[in-house]
Amino acid sequence: MPIPGFEELLIAALPKLRRYALSLCRAPDVADDLVQLTVERAIASRNRFAPGSSIDAWLFRILRNAWIDQTRRRRTRGTELDVTEMPEAATQDGDRLLEARMTLRETEAAIATLPVEQQDVLRLVCFEELSYAETAEVLDIPKGTVMSRLARARVALAEKMGIK
C-alpha cells in the first residue's frame with residue numbers, strides 16, 4: 001500500500017542523513033555512498049515503514065545498519081586500493097585476466113544449477129552484500145533459514161567448483 005508523501009519525507013530527510021553519515025564515517029564520498037544506499041534500501045522497503053512513526057528514526061536505523069555492514073566488510077576485506085588512483089596496481093597480464101573471466105563464467109554457471117531459493121540467498125548476501133537479517137526481510141523468511149540456505153549453497157557451489 002503506497003504511503004502518501006513518502007518521497008517528500010525522504011527528500012526532506014536527505015540533509016540530516018548526510019550529516020549523520022558524515023558524523024559516522026568522516027569522509028564525504030563514503031557519506032554520499034551511505035546516503036545513496038540508505039535511500040535505495042528505504043525505497044525498496046517502503047512498505048515496511050509504519051505510517052505515523054518517525055521516518056527519520058527509520059532512515060537513520062537503515063543508514064546506521066549500512067554503516068555497520070560496511071565497517072564489518074572493510075575489516076574482513078583488509079586494505080583496499082583504488083586502481084584508478086594507482087594505475088600501476090592494475091593488472092595488464094592477459095593470461096590472468098582470461099583466467100579470471102573463465103573462473104567467473106564457471107562460477108556463474110555453477111550458481112545457475114543451484115535451487116532458486118539458494119541462488120536468491122547467495123545473490124543477496126554475497127553479491128548485494130545484504131546482512132542475513134536484511135536478506136530474511138527481503139525474502140520474507142526467518143534469518144535461520146537464510147543462514148541454512150546460504151550454508152547449503154556455499155557447500156554445493158564449492159563441490160561444483162571442485163573446491164574442498
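1. For two helices that pack together, each axis is a line fitted to the C-alpha atoms over the stretch in contact, and the angle between axes runs from 0 to 180 degrees between the N-to-C directions. The model discussed here is predicted. In it, helix α1 (residues 6–25) packs against helix α2 (residues 28–44) at an angle of about 145°, and the two axes lie 8 Å apart. The crossing of these two helices is right-handed.

2. Which residues make the contact between α1 and α2? From α1 the contributors are F6, L10, L14, L17, R18, A21, L22 and C25. From α2 they are P28, V30, A31, D32, L34, V35, T38, V39, A42 and I43.

3. Helix α3 (residues 55–77) contains I62. Is I62 buried or exposed? The residue is buried, because its relative accessible area is 12% and the cut-off for burial is under 20%. I62 touches T38, R41 and A42, leaving aside residues up to four places away in sequence.

4. Helix α7 (residues 143–160) has 18 residues. From its first C-alpha to its last it reaches 26 Å, close to the 26 Å expected at 1.5 Å a residue. The helix is followed by G162, which has a positive phi, near 75°.

5. Within α7, the residues V146, R149, L150, A153, A156 and L157 are buried. They lie on the same side of α7, because they cover an arc of only 135° around the axis. As a general rule, an α-helix has 3.6 residues a turn, so residues three or four places apart point the same way.

6. Setting aside residues up to four places away in sequence, Q118 touches R149, R152, A153 and A156. Among these, R149, A153 and A156 are buried residues of α7.

7. How many disulfides does the structure hold? The number is zero. In general, a disulfide is a covalent bond between the sulfur atoms of two cysteines. As for individual cysteines, C25 is buried, with a relative accessible area of 15%, whereas C126 counts as partly exposed at 33% relative accessibility.

Terms used
Residues are numbered from 1 along each chain as its sequence is written. This is a predicted model: local features need pLDDT of at least 70, side-chain atom pairs count only at pLDDT 80 or more; totals for chains, interfaces and linings use all residues. Side-chain values use heavy atoms; hydrogens and water are left out. Helices (H or I, at least four residues) and strands (E, at least two) are DSSP runs, numbered from the N terminus. The expected span of a helix is 1.5 Å times one less than its number of residues. Buried means under 20% relative accessible area, exposed over 50%, partly exposed in between (1.4 Å probe, protein chains only). The arc is that of the directions from the helix axis to the C-beta atoms. A disulfide is a pair of cysteine sulfur atoms within 2.5 Å. A crossing is left-handed if the near helix is turned anticlockwise from the far one by less than a right angle, and right-handed if clockwise. Contact means heavy atoms within 4.5 Å.
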